[in-house]
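Please consider the chain displayed below. This report describes how its parts are arranged.

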Amino acid sequence: MKPKDDYALPRNNMSWAPGMELRDWFAGMALQGFLASRDRLVDWDLAVRSAYVYADAMIEHRNKEQN
């Protein structure tokens, strides 16, 4: 789904730690939004899975726009 070496925070001078993957960055941002908009999460597993669903959708949309 995503191009190889697609990083949110690239570290060009550190080949052993190239940076955070864009998918994880997007998922983290989505999860942050979930946490900010709810008083209490009932199901953490559902929240995390949903965050990655949003992240995958953002990457898919991004890849379509780049092609």
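## Basis of the report

This is a predicted model, in which local features need pLDDT of at least 70 and side-chain atom pairs count only at pLDDT 80 or more, while totals for chains, interfaces and linings use all residues. Residues are numbered from 1 along each chain as its sequence is written, and side-chain values use heavy atoms, with hydrogens and water left out.

## Overall make-up

The chain contains 2 helices and 0 strands. Both terms refer to DSSP runs, numbered from the N terminus: helices are H or I runs of at least four residues, and strands are E runs of at least two. Of the 67 residues in the chain, 22% are buried. Buried means under 20% relative accessible area, exposed means over 50%, and partly exposed lies in between (1.4 Å probe, protein chains only).

Contact means heavy atoms within 4.5 Å. Among contacts between residues at least 6 apart in sequence, 40% join residues at least 24 apart.

## The helix pair

Helix H1 spans residues 22-37 and helix H2 spans residues 44-66; their axes come within 8 Å and cross at roughly 130°. Axes are lines fitted to C-alpha atoms, for helices over the stretch in contact, and angles run from 0 to 180 degrees between N-to-C directions. H1 and H2 are therefore oblique to each other. Angles under 35 degrees count as roughly parallel, over 145 as roughly antiparallel, 65 to 115 as roughly perpendicular, and the rest as oblique.

Which residues make the contact? On H1 they include Leu22, Asp24, Phe26 and Leu35, and on H2 they include Trp44, Tyr52, Met58 and Arg62. By class, the contact of H1 with H2 has 16 nonpolar, 1 polar and 4 charged residues. Here Ala, Val, Leu, Ile, Met, Phe, Trp, Tyr, Cys and Pro count as nonpolar, Asp, Glu, Lys and Arg as charged, and the others, Gly among them, as polar.

## The nonpolar core

The largest nonpolar core has 10 residues, among them Leu22, Phe26, Phe34, Ala51 and Ile59. The elements that give two or more residues to this core are H1 and H2, and the largest share, 6 residues, comes from H1. Such a core is a set of buried Ala, Val, Leu, Ile, Met, Phe, Trp, Tyr and Cys residues joined through side-chain atoms within 4.5 Å.

Leaving aside its neighbours within four places in sequence, Leu22 is in contact with Asp6, Tyr7, Ala8, Ile59 and Arg62.

## Selected residues

Tyr52 lies in helix H2 and counts as partly exposed, at 26% relative accessibility. Apart from neighbours within four places in sequence, Tyr52 is in contact with Arg23, Asp24 and Ala27.

Asp24 belongs to helix H1 and is partly exposed, with a relative accessible area of 32%. Asp24 and Ala55, 31 residues apart in sequence, are 7.5 Å apart from C-alpha to C-alpha. Trp25 also has its place in helix H1 and is partly exposed at 31% relative accessibility.
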